[in-house]
Number of protein chains: 6
Amino acid sequence: MRLLVVQSNTSEFMTDLIVEEARRAASPDTEIKAVTVGFGARGIECRTEVAIAAHATVVAFAENAEGIDAGLISCFSDPGLAAARELMPFPVVGIAEASMLTACMLGGRFSIVTLGARMAQPLRELAMQYGLGSRLASVRTIERRVVDAGSDPGSLADEVTALSNAAIEQDGAEVIILGGGAVAGLSRKLVDRINAPLLDGVTCAVRMAEALHGIGASKARAGSYRAPAAKEMVGVSPVLAGLFSEKR
Amino acid sequence: MRLLVVQSNTSEFMTDLIVEEARRAASPDTEIKAVTVGFGARGIECRTEVAIAAHATVVAFAENAEGIDAGLISCFSDPGLAAARELMPFPVVGIAEASMLTACMLGGRFSIVTLGARMAQPLRELAMQYGLGSRLASVRTIERRVVDAGSDPGSLADEVTALSNAAIEQDGAEVIILGGGAVAGLSRKLVDRINAPLLDGVTCAVRMAEALHGIGASKARAGSYRAPAAKEMVGVSPVLAGLFSEKR
Amino acid sequence: MRLLVVQSNTSEFMTDLIVEEARRAASPDTEIKAVTVGFGARGIECRTEVAIAAHATVVAFAENAEGIDAGLISCFSDPGLAAARELMPFPVVGIAEASMLTACMLGGRFSIVTLGARMAQPLRELAMQYGLGSRLASVRTIERRVVDAGSDPGSLADEVTALSNAAIEQDGAEVIILGGGAVAGLSRKLVDRINAPLLDGVTCAVRMAEALHGIGASKARAGSYRAPAAKEMVGVSPVLAGLFSEKR
Amino acid sequence: MRLLVVQSNTSEFMTDLIVEEARRAASPDTEIKAVTVGFGARGIECRTEVAIAAHATVVAFAENAEGIDAGLISCFSDPGLAAARELMPFPVVGIAEASMLTACMLGGRFSIVTLGARMAQPLRELAMQYGLGSRLASVRTIERRVVDAGSDPGSLADEVTALSNAAIEQDGAEVIILGGGAVAGLSRKLVDRINAPLLDGVTCAVRMAEALHGIGASKARAGSYRAPAAKEMVGVSPVLAGLFSEKR
Amino acid sequence: MRLLVVQSNTSEFMTDLIVEEARRAASPDTEIKAVTVGFGARGIECRTEVAIAAHATVVAFAENAEGIDAGLISCFSDPGLAAARELMPFPVVGIAEASMLTACMLGGRFSIVTLGARMAQPLRELAMQYGLGSRLASVRTIERRVVDAGSDPGSLADEVTALSNAAIEQDGAEVIILGGGAVAGLSRKLVDRINAPLLDGVTCAVRMAEALHGIGASKARAGSYRAPAAKEMVGVSPVLAGLFSEKR
Amino acid sequence: MRLLVVQSNTSEFMTDLIVEEARRAASPDTEIKAVTVGFGARGIECRTEVAIAAHATVVAFAENAEGIDAGLISCFSDPGLAAARELMPFPVVGIAEASMLTACMLGGRFSIVTLGARMAQPLRELAMQYGLGSRLASVRTIERRVVDAGSDPGSLADEVTALSNAAIEQDGAEVIILGGGAVAGLSRKLVDRINAPLLDGVTCAVRMAEALHGIGASKARAGSYRAPAAKEMVGVSPVLAGLFSEKR
């Protein structure tokens with residue numbers, strides 16, 4: 001299976017980190033192709049950056065779809081997920097949705113531990129949008145910029161551990177989702193320090209993408225996820241516009 | 001008050017139609033500035049087009065914010081609404097949200113009558129995302145392309161009337177929202193044929209924008225709607241990138 | 001536009017306070033007529049008082065409807081709102097509903113700060129009844145009687161500020177609604193001390209009433225908000241009974 | 001046990017009908033005292049009439065509480081239920097709430113069959129207000145005035161049967177609630193014609209009142225249902241006002 | 001009325017305790033027959049034990065149904081409730097459901113105070129499953145094994161009191177449900193120490209069973225609660241299998 | 001990976017059918033061990049049979065857990081899922097939950113097409129219990145016994161096709177779940193006749209089990225899914241009882 005990982009911010013070093021974790025998570029016969037989006041923020045930490053990233057992610061899918069079997073969006077806001085799912089002929093997953101659905105199979109309610117207090121409300125909204133509001137115990141956040149996630153890893157690990165255990169003891173969480181591409185891989189190091197299953201978004205998403213590919217459901221031919229109708233597009237990526245042309 | 005109307009698709013003739021309706025709806029002291037987004041689809045009828053329009057809408061806000069008191073997004077998917085609300089120093093409304101909230105003050109449950117069956121599910125999701133799922137009676141759709149909305153107006157009026165009355169009688173709707181910038185103004189002509197209040201999104205949004213301006217709430221200084229932090233942006237509109245620069 | 005403000009408790013001094021704030025909030029061409037209800041409690045602080053106030057409010061509407069374009073109920077429990085909306089030929093707003101809907105356009109979730117711990121649960125129920133339960137972050141209350149709201153204003157301001165900031169920091173509120181006619185005007189003085197938009201119910205309701213008048217939706221001719229059928233009434237205000245007579 | 005039945009509309013013949021059904025439903029040691037409210041509509045069929053009835057019901061409770069062990073409100077909108085529950089030292093039930101809760105113990109989802117299409121939406125709202133929205137399959141209504149419920153009983157029985165069976169077959173109802181004091185007793189005659197348990201509101205409420213009395217829970221001393229604080233009341237029933245006086 | 005109480009764990013001493021409380025709660029003309037299930041855990045404190053108890057409870061109903069008018073399941077997880085309700089010709093109640101529905105008639109939101117932290121999430125799920133999620137304020141738990149509930153009663157009473165009052169003051173509970181057959185009777189001793197109505201599950205369930213019997217609704221002949229179709233059963237209680245045979 | 005498939009009814013021929021489909025669905029390195037439960041109904045079509053099957057399923061897990069990496073319950077009611085998840089050291093999936101979660105990644109709302117009208121309501125409840133009520137468009141059922149699923153396959157295929165397309169066109173479904181172990185494999189034959197992705201429960205569950213195994217989350221050490229405490233068990237499978245003994 002060829003899996004396209006779209007990294008929705010413009011920091012190449014984060015793509016490297018994520019792809020490394022994706023490769024570790026993947027089955028042996030999964031081949032990973034990673035692309036960094038062509039425009040947008042260096043790290044995605046607010047609603048505007050999510051909006052820009054959604055477009056950039058869709059463009060990246062359009063331009064890299066050749067020969068791909070499944071897609072993965074490695075930003076915890078799942079920017080462009082619904083659009084890519086509609087546009088592409090293959091299944092697409094997002095790390096937030098994939099980890100929330102995984103959590104549903106491991107416990108009663110889950111908490112999200114992530115970077116940036118201002119994303120707490122958007123993530124609550126995301127869970128509700130997915131119809132999973134009643135499964136979300138809480139969102140707990142660390143005040144640290146996404147681009148700085150890698151610095152002082154010991155202190156970050158300590159903060160994540162403290163928040164995770166607080167979510168378990170005070171908020172009734174039974175599963176912890178460590179949210180964000182920037183912290184990909186961290187969960188592996190904390191397994192022994194946290195008393196509930198600890199989920200890494202990239203890992204969950206890789207495995208969910210493989211599962212969807214294996215299930216082999218057909219592309220929708222009705223409803224809001226069927227391929228878009230032909231349409232004149234102005235000022236967008238020519239490849240993307242091509243997907244909307246009559247002759248495609 | 002200076003109101004910026006951002007038309008989120010790239011069809012100028014639709015901007016003209018919408019701005020005409022917006023001017024008719026506005027208070028005498030509201031001055032309207034309308035802009036058509038710089039890129040994207042000629043009409044917004046699928047999830048991908050909404051995603052592109054969200055970015056285009058945010059760019060349009062960034063580039064036209066000077067001297068503006070309130071903003072309005074005139075596409076019924078409210079593309080970029082949360083982002084524009086976060087980014088701009090003034091209040092921003094969307095025609096879908098504005099008409100749904102208006103409907104809440106006029107009846108128990110509302111139905112949306114709009115163009116394009118494939119938007120039914122996304123609009124249901126939008127209502128749920130706004131926390132208004134229990135107020136939505138149904139979405140009823142007409143199979144007609146957005147760019148063709150203006151042709152054969154009599155037949156369109158008949159279809160809207162039939163669907164609206166079906167929503168009232170069969171779905172328990174007490175208010176009808178006529179959804180979409182493309183049908184701006186049509187509701188005025190159908191008032192006598194439909195037994196429930198019939199809402200035009202542009203009209204509701206203009207009046208809601210005026211209301212928010214009049215209320216004069218301060219810009220959030222905490223939470224997910226405060227202005228974004230400084231951030232390096234790549235490949236986006238220079239004016240938009242400028243809003244994320246350290247020196248702004 | 002002529003706006004009828006019905007003050008649902010029997011304290012005239014509170015009507016004066018509210019009408020002053022309503023005038024400050026209104027557009028220049030809005031003329032305000034205020035009436036105090038003819039019976040009921042001096043301040044509304046429990047479920048029984050709300051029930052009495054609902055009837056009193058409906059009577060006040062019936063007796064003062066002549067020449068009115070829109071109505072406003074200035075008690076934070078919105079007593080009689082659904083009934084007045086059904087009975088009157090013009091739009092009617094309530095300060096709780098109006099401020100909750102306004103809050104929805106300014107942030108993700110809102111908290112209500114108000115007087116009287118025993119009203120916390122009824123206000124939670126009100127938000128759920130409006131279908132807005134998922135937008136309500138919390139209700140925080142001050143132990144002070146409504147009729148004493150005006151005494152020791154500095155201490156009240158301090159308490160409101162402390163609770164508002166606690167709601168923002170601990171409950172995830174992004175908008176604060178200062179609930180209750182008794183505290184009308186207080187929000188203007190606290191804008192600089194609270195980091196989220198701070199809404200005054202009377203101000204929101206005046207502007208929403210103007211918006212509804214401007215939108216000009218027709219009166220429902222079907223559903224639960226159309227005018228009541230003729231009916232024999234016993235022992236109620238003659239004017240109200242008259243609205244139910246065959247000959248009206 | 002002495003049970004006070006408050007009939008919330010002003011039609012004495014309906015009180016007679018209801019009290020007859022209540023006596024049939026009651027345990028042998030339940031003594032029933034019935035009162036008709038002193039003001040309001042002859043039948044309750046719209047939101048305004050519910051609002052008036054809520055006040056009238058509270059007055060009736062205040063004026064007839066002496067020696068009473070439990071209260072029952074026999075109008076299917078439960079007017080004044082929360083208020084009476086707060087005000088009275090004994091438990092109070094309403095026929096809508098009592099039958100909905102009973103239905104929850106007999107099947108998965110219930111439908112309400114009642115008189116008057118305009119009450120469909122208010123009854124949906126009532127179920128949601130009680131937190132039971134997910135248990136309500138549908139509301140099906142007959143176009144007949146409440147005061148005419150007794151005329152042409154055969155045709156009414158046929159209509160109720162048809163709607164009940166439609167609710168079972170098309171809406172997935174597993175229990176049918178026959179809503180309204182005006183149809184008290186009808187359900188006994190239809191048991192063989194309807195394939196799901198058929199509930200009579202008055203019967204359910206009498207038995208729920210007995211159950212609550214038997215359970216013997218203490219009156220709340222905290223929260224929104226504790227007895228109201230002393231308060232000056234203007235222009236209301238002197239007995240009701242007396243319940244708010246300092247010396248009570 | 002003959003009431004069958006099925007005690008879903010295998011501890012006879014708990015059956016004795018429960019039946020004593022049930023007799024105290026019952027009306028004079030209610031005759032109680034109690035049975036302890038034939039297999040399963042000594043106390044029910046986890047999901048697996050609930051699953052086993054559901055089967056054991058259904059068997060106990062099948063084997064003891066002769067001459068019974070109503071059934072009661074005295075374990076706070078209501079194991080086998082839906083199944084027994086389907087299988088038996090008489091109404092069946094569970095102590096969790098019965099006390100939650102009772103609470104709905106006494107206050108706005110209720111909290112559950114029970115033994116065993118690991119049951120907090122399953123009880124939250126139970127409330128949601130009953131459609132009562134919005135009425136549940138919180139679950140507060142004591143770390144004590146069910147079989148030890150009777151030891152050191154003073155300390156248990158103190159803990160229950162502390163948690164109940166915390167639920168009232170911090171979680172907004174207006175009714176407290178003391179959950180679990182193991183604490184049957186304790187609530188009577190704590191009435192004066194807790195400021196909200198305090199419900200005992202067994203007492204509520206006995207009275208609800210009497211109410212359902214009094215209401216006399218017919219057994220469902222359609223839907224998911226009608227008697228099961230004939231079916232070959234393997235390896236289950238012969239009496240239970242007999243209920244599924246063609247000749248029953 | 002060694003996957004234990006527990007077939008929760010006692011029909012061996014159905015186990016054969018399911019295991020054949022499971023093998024077709026599985027990755028090459030997944031080894032499948034299938035067991036039929038030791039007691040219960042030949043087909044699971046009502047609430048009582050689900051309750052018995054839950055116990056039987058847990059016993060089957062206890063007795064066959066040796067050397068297993070993941071578990072799968074192949075009955076569409078997911079009997080015993082929560083219990084097995086708690087009890088076993090490895091992840092466990094159910095075909096209903098797995099297909100609902102898969103559907104969430106393929107479309108907006110899903111419908112379930114299954115055998116037996118009386119299971120419609122229990123399946124609605126299951127979706128709500130999983131917190132997915134807002135994603136469920138409808139349940140559509142065929143009147144056919146589970147054990148007869150294999151007879152007249154052409155007519156069954158036609159019925160499933162008709163109901164699926166009705167769900168897409170009338171109920172707004174964007175994904176169809178073909179529910180039930182008895183119809184395992186049928187979906188492969190209908191792909192071309194149905195315009196939305198068509199999911200087979202067994203296929204989804206096999207792939208979800210592989211995904212969970214691949215993700216490798218640790219067993220919960222806190223909350224309601226950690227292994228049960230030691231407990232005396234009476235009259236249950238010795239192996240199951242052994243899992244509750246002190247010395248395990």
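A salt bridge here is a side-chain nitrogen of Lys or Arg within 4 Å of a carboxyl oxygen of Asp or Glu. With that rule in hand, let us walk through this predicted model, beginning with the places where its chains meet.

**Two interfaces side by side**

Over all chains, the structure holds 84 salt bridges. How many of them lie between chain F and chain B? The count for chain F and chain B is zero, while chain C and chain D have eight salt bridges between them. The table sets out these two interfaces.

| Feature | Chain F and chain B | Chain C and chain D |
|---|---|---|
| Residues in contact | five of chain F with five of chain B | 43 of chain C with 43 of chain D |
| Buried area | about 340 Å² | about 3400 Å² |
| Share from carbon and sulfur atoms | 47% | 55% |
| Salt bridges | zero | eight |
| Residue pairs in polar contact | one | 29 |

**Chain F against chain B**

Five residues of chain F are in contact with five residues of chain B. In chain F, the residues that lose the most area to chain B are F:R109, F:S134 and F:E174, which together account for 74% of what that side buries. Sorted by class, the side of chain F that touches chain B has three polar and two charged residues, and no nonpolar ones. One residue pair is in polar contact across this interface, with both residues at pLDDT 80 or more.

**Chain C against chain D**

Here 43 residues of chain C are in contact with 43 residues of chain D.

Which elements of chain C build its side of the interface? At least two residues each come from β3 (40-41), α2 (47-64), α3 (81-87), α5 (120-129) and β10 (233-234) of chain C. The most comes from α2(C), with eight residues. By class, the side of chain C that touches chain D has 22 nonpolar, eleven polar and ten charged residues.

Side chains of opposite charge can pair when their charged atoms come close. One such pair is C:K231 with D:E45, whose closest N and O atoms are 2.8 Å apart in a salt bridge. C:K231 lies in the loop between α8 (201-215) and β10 of chain C, and D:E45 in the loop between β3 and α2 (47-64) of chain D, so this pair joins two chains. Another salt bridge links the side chains of D:K231 and C:E49, at 2.7 Å from N to O.

Strands also meet across this boundary: β10(C) is joined to β3 (residues 40-41) of chain D by two bridges, and the two strands run antiparallel. Within that pairing, C:V234 has D:G40 in β3(D) as its bridge partner.

**Chains that stay apart**

What is the separation where two chains do not touch? For chain A and chain D, the nearest C-alpha atoms are 14 Å apart. Chain B and chain E do not touch either, and their nearest C-alpha atoms are 14 Å apart.

**The sheet in chain D**

Inside chain D, four strands form an open sheet with parallel pairing, in the order β7-β6-β8-β9. Why are β7 and β9 of chain D edge strands? Each has a single partner strand, so one side of β7 (136-142) and one side of β9 (198-200) are left without a neighbour in the sheet. The twist averages 25° from one strand to the next.

Strand β6 (residues 110-115) of chain D runs parallel to β8 (residues 175-178) of chain D, and four bridges join them. D:I112 has D:I177 in β8(D) as its bridge partner. Packed on this sheet is helix α6 (residues 153-170) of chain D, which touches β6, β7, β8 and β9 of chain D and makes about 155° with the direction of β7(D).

**The sheet in chain F**

Chain F has an open sheet of four strands too, ordered β7-β6-β8-β9 with parallel pairing. Its edge strands are β7 (136-142) and β9 (198-200) of chain F. Strand β8 (residues 175-178) of chain F pairs with β9(F) over three bridges in the parallel sense, and F:L178 stands opposite F:D200 in β9(F).

Helix α5 (residues 120-129) of chain F packs on the sheet and touches β6 (110-115) and β7 of chain F, its direction making about 155° with that of β7(F). Helix α8 (residues 201-215) of chain F lies across β8 and β9 of chain F, at about 70° to β9(F).

Conventions: Residues numbered from 1 in each chain as written. Chains lettered and ligands numbered in written order. Heavy atoms only, no water. Contact = heavy atoms within 4.5 Å. Buried area = accessible area lost by both parts, 1.4 Å probe. Polar contact = N/O pair within 3.5 Å; in protein donor to acceptor, adjacent residues only side chain to side chain. Nonpolar A, V, L, I, M, F, W, Y, C, P; charged D, E, K, R; others polar. Pairing = 2+ DSSP bridges. Axes fitted to C-alpha atoms, helices over the stretch in contact; angles between N-to-C directions.
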